Structures are given as C-alpha cells and as structure tokens.
Amino acid sequence: MSRTPSTTAQDFVPFATAALDFHRALNIPAGPLVTTRAELDALHSHLVSLHGLLDAHTDRTGGLVPIEGDQLHAARTRIWQAADHVHAAYHAAPRPDCGEIPDREACHAGLPEGAPELTICQRHQRAAHLVRRRTTPADLHAPFTGLRRH
C-alpha cells in the first residue's frame with residue numbers, strides 16, 4: 001500500500017487551519033473579553049470533527065505502522081480531552097439571554113439547558129460513544145500519554 005497521497009484527493013485541512021487563523025486574527029483582538037457560548041460551541045464542533053479525522057487516521061495507520069499509530073492514538077485522546085474541557089467551559093460560560101454565570105453546582109449537575117444549548121451536548125454524547133469504544137478509561141485519565149522520546 002502506498003503512503004503517498006493521491007494527487008486527485010482534495011486536502012481541506014490547510015483551509016480549515018487558515019480559517020481558524022483568520023478567525024482568531026479578526027475576532028479575538030477586538031472581540032469580547034469573555035468567550036461566548038457560540039464561540040465555544042463552534043470550537044467544540046471543530047474539535048469533535050478533528051477527533052473524527054484523527055480516529056480515521058489512527059484506525060488505518062495503526063495496523064501498518066504501529067509506532068505512527070501509537071502517536072496518532074495519543075493525539076486522538078488529547079483532542080478528545082480538549083473537546084471535553086471545551087464542553088465543560090460552555091456550560092460554565094455566561095448565558096446569552098441574561099449574562100448570568102452558572103454556579104459550580106449547576107455545572108456539575110450536568111442539567112440540560114434545552115435547545116439550542118442542548119446541541120453541544122448531543123454532539124458531545126455522540127462523540128463520547130465512539131471514545132468509549134476506542135479508548136480505555138485509563139487512557140482518558142492518564143496525565144501522560146505513555147509515549148517516550150528516543
């Protein structure tokens with residue numbers, strides 16, 4: 001199997017990266033001081049998509065090049081952890097309708113807030129299903145990936 005990408009395949013990842021860089025340059029310096037829920041929802045969506053892409057690469061690569069597969073597996077796990085933290089930040093962010101900041105007990109209770117706020121939770125739960133099938137709890141809670149530099 002060739003490791004050289006097809007010349008006919010479109011590589012959209014550089015466009016996604018450029019869009020994120022452009023978004024940051026335009027919106028962050030002049031934007032609000034507190035990250036909005038809409039921004040956190042968009043970041044969560046991006047991270048979940050990136051997790052899916054890394055999952056596909058990990059699945060395909062691991063059997064052919066185990067060391068590369070291990071590295072991709074670790075990256076996939078860390079991206080999921082980032083998505084999990086962004087999901088938690090979303091629920092801790094001020095509510096758009098009233099600016100009220102939820103107290104810690106409400107955030108830890110994990111109570112659904114209803115539509116459209118529930119969309120991030122639905123996306124998170126769909127991704128969590130895949131994570132539970134492909135990652136061990138030890139992987140998710142380890143402070144270190146277990147990878148070593150040689």
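Okay, so helix 3 and helix 5 cross in a left-handed way, meaning the near helix is turned anticlockwise from the far one by less than a right angle (clockwise would be right-handed). By class, that contact holds eight nonpolar, four polar and three charged residues; here Ala, Val, Leu, Ile, Met, Phe, Trp, Tyr, Cys and Pro count as nonpolar, Asp, Glu, Lys and Arg as charged, and the others, Gly among them, as polar.

Quick caveat: this is a predicted model, where local features need pLDDT of at least 70, side-chain atom pairs count only at pLDDT 80 or more, and totals for chains, interfaces and linings use all residues. Residues are numbered from 1 along each chain as its sequence is written, and side-chain values use heavy atoms, leaving out hydrogens and water.

Now the geometry. The axes of helix 3 (residues 66-92) and helix 5 (residues 118-134) come within 11 Å, crossing at roughly 150 degrees. That makes helix 3 roughly antiparallel to helix 5 (over 145 degrees; under 35 is roughly parallel). On the helix 3 side, the touching residues include W80, D84 and H87, and helix 5 brings H124 and V131, among others; contact means heavy atoms within 4.5 Å.

What about helix 2? Helix 2 (residues 37-62) packs on helix 5 at about 25 degrees, axes 11 Å apart, so helix 2 runs roughly parallel to helix 5. This crossing of helix 2 and helix 5 is left-handed. Among the residues meeting there are H44, V48 and D55 from helix 2, with R123, H124 and L130 from helix 5. The contact of helix 2 with helix 5 divides into six nonpolar, four polar and five charged residues.

Methods
Axes fitted to C-alpha atoms, helices over the stretch in contact; angles between N-to-C directions. Helix = DSSP H or I, 4+ residues; strand = E, 2+ residues; numbered from the N terminus. Parallel < 35°, antiparallel > 145°, perpendicular 65-115°, else oblique.
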